[in-house]
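Subject: Structure handover

Hello,

Here is the structure for your files. My notes on side-chain contacts follow below it.

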Amino acid sequence: MPIYEYECKACGHRMDKLQKISADPLTDCPACEDASLSRLVSAAGFRLAGGGWYETDFKTGSKKNLAADAKSATAETGGQKSASSEPKKKDTAA
């Protein structure tokens with residue numbers, strides 16, 4: 001179910017409401033009880049970015065092997081890694 005954003009044209013009260021797509025838009029403002037509530041157009045609340053589910057799970061063939069591509073790029077640069085990418089060693093001195 002989508003979350004819809006509403007604004008009252010009379011008092012300016014804004015609210016979010018979880019509703020079914022088939023549900024009628026709300027009209028009565030809970031703050032001033034006037035029938036001037038209108039649904040706003042707003043952006044989606046999430047964004048898919050970076051290496052994620054599509055990059056690793058749904059690509060096929062040679063496009064899917066992104067981890068091997070990163071290893072070959074490291075090999076081409078002489079195997080040099082940045083200090084931040086290496087795991088830290090635990091101090092075992094007691």
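Which charged end sits over the ring of tyrosine 4? The charged end of arginine 39 does, 3.8 Å from the ring centre. A charge sits over a ring here if NZ of Lys or CZ of Arg is within 6 Å of the ring centre and within 35 degrees of the ring normal.

Please note that this is a predicted model, in which local features need pLDDT of at least 70 and side-chain atom pairs count only at pLDDT 80 or more, while totals for chains, interfaces and linings use all residues. Residues are numbered from 1 along each chain as its sequence is written, and side-chain values use heavy atoms, with hydrogens and water left out.

Salt bridges: searching the whole structure gives one (a side-chain nitrogen of Lys or Arg within 4 Å of a carboxyl oxygen of Asp or Glu). Arginine 14 pairs in this way with glutamate 5, and the closest N and O atoms are 2.9 Å apart. Glutamate 5 is partly exposed, at 22% relative accessible area. On that scale, buried means under 20%, exposed over 50%, and partly exposed in between (1.4 Å probe, protein chains only).

Disulfides: the whole-structure search finds zero, a disulfide being a pair of cysteine sulfur atoms within 2.5 Å. Cysteine 8 is in no disulfide, and its nearest cysteine sulfur belongs to cysteine 32. Cysteine 8 is buried, at 2% relative accessibility, whereas cysteine 32 is partly exposed, at 34%.

Regards
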